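Subject: Structure handover

Hello,

Here is the structure I said I would pass on. The sequence and the coordinates come first, and my notes follow below.

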Amino acid sequence: MEKAIEVIGLVTHYGDREILKNISLSIPSGKTTVILGGSGCGKSTLLKHLIGLLKPTRGKILINGKDITVMKDEELDEVRKRMGVLFQGAALLNSMTVSENVALPIREHTRLKESTIQIMVRMKLDLVGLSGFDNFYPSQLSGGMKKRAGLARAMALDPELIFFDEPSAGLDPVTAAGLDELILKLRDVFKMTIVVVTHELPSVFMIADYVIMLDMGDVIFSGTLDELRASDNPRIRMFLERRPEKETYSPEDYFRIIAGD
Amino acid sequence: MPSTTENLFGLIGRRAIPILKDINDAARLINNTFYWAFLSPFKGKAIRFRASMSEMVKAGYSSVPIVATISLFVGIILALQSAYQLKRVGALIYVANLVGVSITRELGPILTAIIVSGRSGSAFAAEIGSMKAAEEVDALISMGINPVRFLVVPKLIALMVMLPALTVFSDLIGIFGGFLLSITALEIHPYNYFQQTIRALLIKDILTGLMKAWAFGVVITIVGAYQGFKVEGGAEEVGMRTTASVVASIFLVIVFDLFFTTLFYYFT
Ligand SMILES: Nc1ncnc2c1ncn2[C@@H]1O[C@H](COP(=O)(O)OP(=O)(O)OP(=O)(O)O)[C@@H](O)[C@H]1O
Ligand SMILES: [Mg+2]
């Protein structure tokens, strides 16, 4: 298995709070890897480290064999040009139209002619099914359309590596399935390495080749979908079978908690 | 008593560390802004020219009416106030000197800077702050676009050009206000007033005023951007930071004014 990303001994903090507790994992290239885990377990935090937005307390993050945690800004920007990110809230620039948003990375990083850029932008918008919305502002789009526009922007420079933070959260099942299909297409047609953070199970079973599961800042599983289904780890079973966490307090403890001491 | 000393140092530390961090953040922002504005263009990373132009229109052109009105009124007020004293010694013509010098050296730059702090400084903080809250700044970084170069430098260029320009305009209108009042209410002959103003004004007075205006432009941009980048939470914090940026930039503009005025007093 060829590795696109390798994380070794990553420890991260927000202030004094430890979020990721010495995790190691690797992400295969040319495949779709899903990072699973309950709310607040540190998925978005991990993603922000993978794209170099946050610096870890300790540990290495190798992308194509190079450690991004020790890179200078200029080197890091070179790496970033070859990756695309779709943020949880799409993060389109609100002061620009959809086509300007998609054109932005192309304008900033290449010296192509304006007519060429226009063609590239139209191709990307067509790919995500947003032809004809070129001149709309992000505030005039629905949530699902924003995500698709964000995806078009993430793909503008034909990256080798693309990250999605909860692509289908807050979308209706039909739109979510459409987005999943698009993700499959990216892998099959463009041979991209795709990393998806999600907790939507139907989506996981549709798109994942490889699954990494986080729980309270630790990696508790990594392997293929079949291995995930066969796992007998109770935390994983709980997640897959959508069982709530057990009531762990005794009545006396509960009383003490709500009484506040 | 070790525990008391410990507490004391703990207290000082808890107060001082965030302040040191703020100073460090501000210094980094200033450093980055100047790097991307003045050094990187020579390394092939050009300034965003069109964005700078549109910031100039927003910050400069749109402030013209309010700067004009306030400068006109202040010119009139200044003429009235000085006439009140000069009339007694029969030196009414010196109204022209007083109005001309105090407007070009002091009131033109500072009034313009205060108006621009309120209009543009707050707009910078609000714009960058809401982009930070909506992960737009993170998105820029993830695309390999430096947010300081993308967002702050065009604003800096705009204010470095527009604040001196607005100040010249404010000087002219302010002097015109004094002129209007003097030739009507004070019955000074227009030609005499004009001659007296020309004689009173030194190039030096106008230039020091413009240098101050330039520095105020830098201060207002940095304060607005700094407060904007500080936003971590949501919309509520954007509002708070916007207010803070206006207060801080007016305060710093006056501090810098004091500094420059002292400097010019001794060295020109
Ligand atoms: N900017 C921040 N400052 C301090 N703590 C933070 C910050 N961002 C996240 N955290 C904390 O880090 C932990 C992990 O957050 P993270 O956003 O990575 O969770 P997540 O797994 O993406 O959750 P979700 O599925 O709900 O998006 C949370 O407990 C959160 O309280
Ligand atoms: Mg998240």
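Helices here are DSSP runs of H or I with at least four residues, and strands are DSSP runs of E with at least two; both are numbered from the N terminus. On that basis chain B has 9 helices and 0 strands. Please keep in mind that this is a predicted model.

Chain B

Read from the N terminus, the elements of chain B go α-α-α-α-α-α-α-α-α. Along the principal axes, the C-alpha atoms of chain B fill a box of roughly 70 × 60 × 35 Å.

Where chain B meets chain A

The contact between the two chains draws on 17 residues from chain B and 21 residues from chain A. About 1500 Å² is buried between chain B and chain A, and carbon and sulfur atoms give 57% of that area. On the chain B side, the residues that lose the most area to chain A are B:E135, B:S142 and B:M143, which together make up 35% of what that side buries.

There are 3 salt bridges across the interface of chain B and chain A. B:E135 takes part in a salt bridge with A:K48, where the closest N and O atoms are 3.8 Å apart.

Which elements of chain B give two or more residues to the side that touches chain A? They are helix 5 (136-142) and helix 6 (147-184) of chain B. The largest share comes from helix 5 of chain B, with 6 residues. Sorted by class, the side of chain B that touches chain A holds 8 nonpolar, 3 polar and 6 charged residues.

Ligand 1

Ligand 1 is surrounded by 14 residues, the closest being A:R17, A:S39, A:K43, A:S44 and A:T45. By class, this shell divides into 3 nonpolar, 8 polar and 3 charged residues. Strand 2 (17-28) and helix 1 (43-50) of chain A each supply at least two residues of the shell. Helix 1 of chain A gives the most, with 3 residues.

An N or O atom in the side chain of A:K43 is 2.7 Å from an oxygen atom of ligand 1. For A:C41, a backbone N or O atom lies 3.3 Å from an oxygen atom of ligand 1. A polar side-chain atom of A:E166 lies 3.3 Å from an oxygen atom of ligand 1. On its own, ligand 1 has 640 Å² of accessible area, and the protein covers 64% of it.

Salt bridges over the whole structure

Over all chains, the search finds 25 salt bridges. One within chain A pairs A:E160 with A:R82, the closest N and O atoms being 3.9 Å apart. This pair links distant parts of the chain, 78 residues apart. A:E160 sits in the loop between helix 5 (143-154) and strand 7 (161-165) of chain A, while A:R82 is in the loop between helix 2 (73-81) and strand 6 (83-86) of chain A.

Regards

Note on methods
Residues numbered from 1 in each chain as written. Chains lettered and ligands numbered in written order. Predicted model: local features only at pLDDT ≥ 70, side-chain atom pairs only at ≥ 80, totals over all residues. Heavy atoms only, no water. Contact = heavy atoms within 4.5 Å. Buried area = accessible area lost by both parts, 1.4 Å probe. Salt bridge = Lys/Arg side-chain N within 4 Å of Asp/Glu carboxyl O. Nonpolar A, V, L, I, M, F, W, Y, C, P; charged D, E, K, R; others polar. Near = heavy atom within 4 Å. Polar contact = N/O pair within 3.5 Å; in protein donor to acceptor, adjacent residues only side chain to side chain. Areas by Shrake-Rupley, 256 points an atom, 1.4 Å probe, with all protein chains shown as cover.
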